[in-house]
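The sequence and structure come first.

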Amino acid sequence: MKSLYCILFFVIFSSVYYFVICQNVPSPRRELTSTLVGTRLYFFGGATGISESNEVWYLDLSSSFNISTPLWHSDVVMPVGYTLGTFCLSPIDNSTVFLIGGRTWIANTKTYSYTSSVYKFDFKASQWTTPTFYNFNSSFATRNEMQSVIDNNGKIFVFGGMNRSNETNTGYNDMSILDITTMICSTQTQSQSVLVNVDYTATLLPSGLIVYIGGRGSNSTNLNNISQFASGSTIASRTAHSAVLTQDGNIIIYGGSTLSSGKIVNVFSDVAVLNANSWVWSVPIVSGTSAPPLTDHSAALYNNYMILAFGATSASNLYTNNIYILDIQNYTWVTTYNIPTTTSQAKQTQSIGNSPTSQVNQANNQANNQANNAFSILYVGIGIGAGVVILAVVLFIIGSVIYKNQHKEKFIATPGTSKDDHIRETHMSTVYTHGIPLPETNAQTPMY
């Protein structure tokens with residue numbers, strides 16, 4: 001019976017382990033980088049608290065899901081562990097992402113290892129390369145904690161950042177411009193009146209104006225009030241928050257944190273809106289079960305959904321791998337992502353990368369994503385089916401063992417008998433010849 005319990009425990013443990021593995025869920029992390037390619041929301045690297053990840057994950061936004069059980073997909077891993085960098089999606093082919101700066105590590109360790117300032121990922125070929133930019137600014141090496149934007153002509157603008165290569169944490173106030181069409185880099189030094197800035201958000205408006213919100217100087221102190229160049233509601237200074245640009249010209253920010261001596265002391269959970277036409281801040285009334293405080297997280301806008309993911313949730317740096325969705329049409333936190341309509345999806349695709357997308361490329365991307373999603377569902381179905389079959393076979397074997405044990409013939413020995421007698425009597429012939437008396441039994445005669 002003891003062996004039966006061991007088998008049952010093994011089956012239950014294996015089933016739970018198999019179910020968890022099939023979920024394919026990324027571990028909690030912060031300081032990651034994310035970008036939207038077609039209907040795929042990609043996440044690169046991040047700090048897990050144990051190591052610096054080189055993983056690449058994505059959510060397929062062509063399928064509906066509940067935020068408690070999103071269907072995660074993994075892609076080709078990065079050549080290095082990656083944190084605190086920035087990204088840009090090429091408007092030329094809408095399938096190439098440039099990861100710029102950041103801290104690079106030996107994959108899945110906490111050992112720092114500088115190899116390149118720029119990485120390129122081709123989504124069509126699923127291939128990582130290290131492109132070469134001519135006239136590259138040597139001081140840009142190991143620069144991190146900055147944000148970038150890219151215009152319709154393929155020029156990437158990166159402001160400020162901090163150098164990781166020395167103990168003094170040198171900060172910069174220059175503007176680096178990387179042209180992905182000519183692969184030439186140039187640097188414009190700003191006046192000293194422009195503050196050294198890191199951990200801000202950068203948003204490119206259709207007018208060509210880049211809006212920088214929040215951040216801090218190289219001495220880890222927060223900048224002046226975030227609303228100093230805009231009127232309206234007073235918004236607290238912060239770093240490591242997120243920002244997205246809507247179709248109607250609003251910049252929505254969420255979360256962020258304040259620092260003291262380089263340590264997080266407070267994490268925000270508020271939503272604020274900056275009207276980039278009137279330069280007025282407002283704080284909307286938000287309904288639904290709100291997201292927790294988040295900092296060092298990611299955010300993307302797809303159709304009417306602002307999708308938040310990962311990040312640290314408190315000053316004690318508790319990490320999360322949860323997804324939170326804000327419906328910006330009515331400012332409501334929702335628990336289900338529903339597939340957008342074709343019309344609204346086309347509009348939003350044009351605004352996400354701050355560059356127009358042709359309808360031909362969009363149609364091709366949607367067709368490819370739907371095909372890939374179908375294959376993913378097929379693979380999951382096959383895995384679940386195989387697991388059910390294996391579980392059924394194991395349960396059948398256990399049931400057979402239990403049945404045999406319950407129906408096994410029991411023999412109770414009495415004085416003058418033994419197991420051998422039982423076996424001999426069990427196999428004794430029952431064919432008798434006429435005239436021959438039946439064999440006597442070994443019954444004892446009672447004595448009086």
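Strand E25 (residues 271-275) and strand E26 (residues 280-282) run antiparallel and are joined by three bridges. Within this pair, Leu 274 stands opposite Trp 281 in E26. The model is a predicted one.

E25 and E26 belong to an open sheet of five strands, ordered E20-E26-E25-E22-E21, with mixed pairing. Its edges are strand E20 (231-232) and strand E21 (242-245), each of which pairs on one side only. Strands of a sheet pair through backbone hydrogen bonds, either parallel or antiparallel.

Is strand E27 (residues 298-302) largely enclosed or largely open? Four of its five residues are buried, so E27 is largely enclosed by the rest of the structure.

| Pair | Bridges | Direction |
|---|---|---|
| E25 and E26 | three bridges | antiparallel |

The remaining topic is the cysteines. How many disulfides does the structure hold? The count is zero. A disulfide is a covalent bond between the sulfur atoms of two cysteines. Cys 88 has a relative accessible area of 3% and is therefore buried, the cut-off being under 20%. Cys 185 also counts as buried, because its relative accessibility is 2%.

Notes: Residues are numbered from 1 along each chain as its sequence is written. This is a predicted model: local features need pLDDT of at least 70, side-chain atom pairs count only at pLDDT 80 or more; totals for chains, interfaces and linings use all residues. Side-chain values use heavy atoms; hydrogens and water are left out. Buried means under 20% relative accessible area, exposed over 50%, partly exposed in between (1.4 Å probe, protein chains only). Helices (H or I, at least four residues) and strands (E, at least two) are DSSP runs, numbered from the N terminus. A disulfide is a pair of cysteine sulfur atoms within 2.5 Å. Two strands pair if DSSP finds at least two bridges between them.
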